Amino acid sequence: QVQLVESGGGLVQPGGSLRLSCAASRSIATIYRMGWYRQAPGKQRDLVATIGWRDAMNYADSVKGRFTISRDTANNTVYLQMNNLKPEDTAVYFCNAETYSDSRRYDYWGQGTQVTVSS
């Protein structure tokens, strides 16, 4: 199992920046893939960005060129740097850990952190 704690959300004006952090309770080097998802009111939870083996990264088209995912294996933390934020980025952002055991996938989630982009 792994516990995840997000931080760094808040209120920011359009065009501004935020950096989200996700602290994991165990070594993230042993986790298959870490990612960020977001959920706006009344909408489904969508993938934002993931980082996996050998730091392979994947981004939603809507955030490419604006968001950057990274990880610090020494501190078991994953980051999401968000630049040029837009009102449509407003959502609760969740950290995810994708793990496997005996070929079964197990997903773990943090409690979420609110990001609000508004003037």
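**Close-up 1. Asp55 in its loop.** Asp55 is partly exposed, with a relative accessible area of 39%. Welcome to the first stop on this tour of a predicted model. Asp55 belongs to the loop between β5 and β6 (57-59). Take a moment over its backbone: phi of Asp55 is positive, about 60°, although Asp55 is not a glycine. Most residues other than glycine have a negative phi.

**Close-up 2. Asp102 in the loop between β9 and β10.** Here is another aspartate to visit, in the loop that lies between β9 (91-101) and β10 (104-109). Phi of Asp102 is near 50°, a positive value in a residue other than glycine. Is Asp102 buried or exposed? With a relative accessible area of 75%, Asp102 is exposed, because exposed means over 50%.

**Close-up 3. The disulfide of Cys22 and Cys95.** How many disulfides does a search of the whole structure find? The search finds one, and this disulfide joins Cys22 to Cys95 with an S to S distance of 2.0 Å. The pair links distant parts of the chain, since Cys22 sits in strand β3 (residues 18-24) and Cys95 in strand β9, 73 residues apart. A disulfide is a covalent bond between the sulfur atoms of two cysteines. The torsion about the S-S bond of Cys22 and Cys95 is about -80°, so this disulfide is left-handed. Both ends are hidden away: Cys22 is buried at a relative accessible area of 1%, and Cys95 is buried at 0%.

**Close-up 4. Leu20 and its neighbours.** Stay on strand β3, which is also where Leu20 is found. Leu20 has a relative accessible area of 0%, so it counts as buried. Leaving aside residues up to four places away in sequence, Leu20 touches Ser7, Gly8, Gly9, Trp36, Val78, Tyr79, Leu80, Met82, Tyr93, Thr113 and Val115. For a sense of scale, Leu20 and Tyr100 are 80 residues apart in sequence and 25 Å apart in space, C-alpha to C-alpha.

**Close-up 5. Met82 in strand β8.** Met82 is placed in strand β8 (residues 77-82) and counts as buried at 0% relative accessibility. Its contacts, not counting residues up to four places away in sequence, are Gly16, Ser17, Leu18, Leu20, Arg66, Phe67, Tyr93 and Val115. How many residues apart in sequence are Met82 and Gly10? They are 72 residues apart along the chain, while their C-alpha atoms are 12 Å apart in space.

**Close-up 6. The hairpin of β7 and β8.** Strand β8 has a partner here: strand β7 (residues 67-72) runs antiparallel to β8, and six bridges join the two. If you are looking for a pair to find your bearings by, Asp72 stands opposite Thr77 in β8. Four residues lie between the strands of this hairpin, in which Asn76 takes a positive phi near 55°.

**Close-up 7. Strand β4 and its two partners.** Strand β4 is mostly covered, with five of its seven residues buried. Which strands pair with β4 in the antiparallel sense? One of them is β9, over seven bridges, and another is β5, over six bridges. On the β9 side, Tyr37 stands opposite Phe94. On the β5 side, Met34 stands opposite Ile51. The hairpin of β4 and β5 has five residues between the strands, and Gly42 in that hairpin takes a positive phi near 75°.

**Close-up 8. The largest pocket.** Strands β4 (33-39) and β5 (45-51) each supply at least two residues of the lining. The largest share, three residues, comes from β5. How do the residues of the lining divide, and what are the numbers of nonpolar, polar and charged ones? The lining has five nonpolar, four polar and five charged residues.

Terms used
Residues are numbered from 1 along each chain as its sequence is written. This is a predicted model: local features need pLDDT of at least 70, side-chain atom pairs count only at pLDDT 80 or more; totals for chains, interfaces and linings use all residues. Side-chain values use heavy atoms; hydrogens and water are left out. Ala, Val, Leu, Ile, Met, Phe, Trp, Tyr, Cys and Pro count as nonpolar, Asp, Glu, Lys and Arg as charged, and the others, Gly among them, as polar. Buried means under 20% relative accessible area, exposed over 50%, partly exposed in between (1.4 Å probe, protein chains only). A disulfide is a pair of cysteine sulfur atoms within 2.5 Å. Contact means heavy atoms within 4.5 Å. Two strands pair if DSSP finds at least two bridges between them.
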